[in-house]
Each structure stands twice: as structure tokens, then as C-alpha cells.
Amino acid sequence: MSWLQVFPALVEAMGWFFIAYSLMINTSFLVLTVLAVSDFIGHRRRAEFAAYDESFGEPLARGVSVLMPAYNEEATIVESVRAMLSMRYPDFEIVVVDDGSKDATVAVLIEAFDLVEVPLVVDDAVPTESVVEATYLSRQGNNNLVLVTKTNGGKADALNVGINLARKELVCMVDADSLLDPDSLLHVSRPFADDPEKVVAAGGVIRVANGSSVRRGRVTDVRMPRRWLARVQVVEYLRAFMIGRAGWSATGGLLIISGAFGIFRKDVLFEVGGLATDCIGEDAELVVRIYRWMGDIDHDGRVVFVSEPVAWTEAPEDRSVLAKQRRRWHRGLAEILGRHRGMLLRPKYGVIGMITMPWFVLFELLAPFLELFGLAYFLVVLGLLGLEHLDWLGGHDLVDLWLVVLLLAVSILYAFLLTLVALLAEEVSYRRYSGVRDLLRSIRGAVEENFGYRQLTAWWRVGGAMEAVRKSTPDWGDMKRRGFGGSD
């Protein structure tokens, strides 16, 4: 059999493989969408009888320690702390842990909140690697604001210091550049009140604040950003949270709680030893380790996602900064799945071991490799289509044009439709983005995502996975932020 007979069959087989893979990944997203919509409808019905105002006045509400690790966050830290201090919750404290910032993060906090150094006892229940230098309280009467300065040890180590200092029963971890809506704690802590024995962790929605107005630590006028890179990330975040997180939560297999806004039982954090300091994706690794702990001791616990609470974050608008972020995220995923590979297909770890983790291996970890390989295949096929008339091919038909068109169309159409479902869920529920102009920009972002952005992020993610394989020392550089616009 000549290569002219084998090659066309190989090219066609590869085409069917990519079509099958695309159908599987997008069909799984379709299933997640159905589950997310069902869970969303149930949540909206329950919310009508949730009595959040009564919860706000409940004197026996479980206390929450909000931990904010900060490193070179002078552009956004004051607005973030202001937003935290004005949240509606009966019993909470804010613990800002400065991880050896080289900018004016500590100075702006001391000035803005009139902080004074006070010696506080920091527990050692969770191991830490750094040295606490000083602790501060406010002279403005904000007894629930604590600032801790320490030597640089990384975000995970800073959170571990905060866990040791936390005085409340629940621990909420947020990024220093996050802005929380006033009722965020009321919503995200509700599952712990509804099912106190089983719920061990909960996560909320993260949204992009770029393009919106911020006043005194609050997002007051929500707008779709004009810059295409930020606009695409808005629809990307909406799809990830409104469909991905909500769908996995409905199955009982929620693998990731964003480090930008997640809440945990402190006793569980003590049991698992806090966050790992030797893993890039420390927030997701913590959740996986909690699942592993529950499986090992046969504890019937739950990790849930709540679609109502909102934390706002600043998405990178610089391509180099975005590249560092996505490389870091995918390297973290690779390290987590490698570290906990013993959970794969193990029934004692339930949905996480049997469904979620295998899905993440096939459709998250390997996806950027196959996406780039599929793009290369598509370009090669287009080139071969132009060569079919040449005599040296012996008259063989290498590929069918419909196969190439089907491959590309299915992938793009599925992704676009899923994004539209997320936008529809946003439009009929919370309507954070109002007006026809913002809606059209959202749809535009859903289209733009498929032409250039997805391919770029796939390339960056491949780089992150290769970094994990080589176990090289990560060098992410400075993740500089522009700061929230329109703030006082």
C-alpha cells in the first residue's frame, strides 16, 4: 500500500478525531449548562424565602474572618478594604496580610485607616515559612480591621498566617484587588447555615470590573469595557461561573473555588494543614486536598457554588500580563492533577475522583494541546486542498472540504452558543449590564473570543503545562494593575 493511499485515510481519521473530541467537550458543557440552569432556577426560588435581612440581624450568625493577602497592591488595596468594611454582616473581621510588599501598600493602608502597631498573638496551628514583623489595628474605631506585615513568602504562606490569626469560625479568602458587593458575605455564608454539618466550603461569582465606575470601594455603574481584551474576559468569566462552576456544583463535583472569593470552615483548614506553599494553584489545590481528606475519612461533606454573591476583580488589559496569568493558571492545574493523580477513578472520592478529575484531565489539561494541534491540522488541510489538482498526487482525493468546514463550524458554534446561554442567564437574572449597547458589546466579545483570543490563551496554557513538566522555577514577573477607574 503506497503512502498516497495511507495518507488520505490518516488525514480523514484525524479530522474525525478532532470532530469527536470537539463534540464530546462541548456536549459535556451542554450537560453542565442544563444542570446549571436547573440549579440556578432552584436558587432563585429559594432566594425569595431566604430572609437575608433577618440573617443580617441574627446575633448568633457564624463569624467570618476575611483574609486579604497583599503584595504590591497600592493601586487597589484602599478601595478593596473600604468595600470589605462596609459589607452587611453581623460578625466579621478583615485581616490584611502584607507579604513583604516593595511598594507603598502598607503606607497607604496606615494613612487611609489610621493604623497603629499593636502586638497581637499569631497562632501556629497551620505551618508557615515566613516571619511576622508587625500587627496593626485602626484608631478610627474599626476594631474589625487588622493589618499584618511579614517577610515575603508567597500568597499561600500569607493566607496561612491569616488563618492562624483569624478569630472567627469561617474563613473567607479574597484577593487584595477584589471588590465585594455589600451582601456578598450574607449570600456566600448561607449554605453553612442551611447545612452546617455537611458544607465545608463555598465559592461565589467573580466578575470583571474593567470599564465600570468605582466609588468608595463599590462598583456603582457596571459597564462592558471598550477594550477588546477586557471585553472578551468578561464573557469568559460569565461562562466559567454561570455555567461551569454552577454545573459542577449541581453534580457535587465542584473542583475549583476561586482564590478571589471563597469561604471555608476554619476547623477543616486546620485538619488539612492550610494551603500548600509549594503549588502554583494553591486555591484549587486546597479544594482538592479537602476532597481527599473527606474521602480518606469517609466524611459526607459538600463544596458548593453560590451564584448570587459577587466579587469584582480587575482583569489584565496588557497581553504580556494576561499571558503570565494564564500560564500560571494552567501550570497550577497540571501540578494539582499530577499531585493528586491517586484520586483518579477511585470510587471512595465520589464524583470528584470518578468524573470531575478525569474530565479536567481530558478537557482542560489536554485541551490547549489539541486545540493548537487541531489548528495546525486545519491549516495543513487547507493547503492540501489547494494541491489536489497536482499530477504527483495520482488523482487521489486527500480530504473532503465539508469535513474541514464541519470541524471548524462545530467548535466555534458550540462555544458561541454556550456563551450566549451564560449571557442570557445574566440578562434574565441579575442584569448587571444594562442597555442595548452593553448587550451588543457582550455578543461582540463572544464572537471575538473565537478568533485570536482562544488560540493565544491555548498557546500560553501549553507553555504553563510544559513549565510544570520541566519543574522549572516559575518567574511570573510583576503582575502590575491599572487600578479601578473612577474611584474616590
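## Model and confidence

This is a predicted model, in which local features need pLDDT of at least 70, side-chain atom pairs count only at pLDDT 80 or more, and totals for chains, interfaces and linings use all residues. Residues are numbered from 1 along each chain as its sequence is written, and side-chain values use heavy atoms, with hydrogens and water left out.

The protein chain averages a pLDDT (the predictor's confidence in each residue, from 0 to 100) of 84. A score of at least 70 is reached by 85% of the residues. Over residues 389-396, pLDDT stays under 50. The model has eight contacts (heavy atoms within 4.5 Å) beyond four places in sequence for residues 389-396. Where pLDDT is low, the predicted coordinates should not be read in detail.

## Helix 8 against helix 15

Helix 8 (residues 228-251) packs on helix 15 (residues 436-470) at an angle of about 100 degrees. Their axes lie 8 Å apart. Helices here are DSSP runs of H or I, at least four residues, and strands are runs of E, at least two, numbered from the N terminus. Axes are lines fitted to C-alpha atoms over the stretch in contact, and angles run from 0 to 180 degrees between N-to-C directions. Helix 8 and helix 15 are therefore roughly perpendicular (65 to 115 degrees) to each other.

Helix 8 makes the contact with residues including W228, R231 and R239. Helix 15 contributes, among them, R441, E448 and Y453.

## A cavity

The structure holds two cavities of 30 Å³ or more. A cavity is a set of points on a 1 Å grid over the protein atoms alone where a 1.4 Å probe fits but cannot get out; lining residues have an atom within 4 Å of a point.

## A61

A61 sits in the loop between helix 2 (52-56) and strand 1 (64-70). A61 touches Y89, P90 and D91, not counting residues up to four places away in sequence. The C-alpha atoms of A61 and R190 are separated by 9.8 Å. Along the chain, A61 and R190 are 129 residues apart.

Notes. Parallel < 35°, antiparallel > 145°, perpendicular 65-115°, else oblique. 1 Å grid on protein atoms, 1.4 Å probe; cavity = no way out; pocket = protein on both sides within 12 Å on 5 of 7 lines; lining within 4 Å. Points joined across faces, edges and corners; volume = space filled by probe spheres on them.
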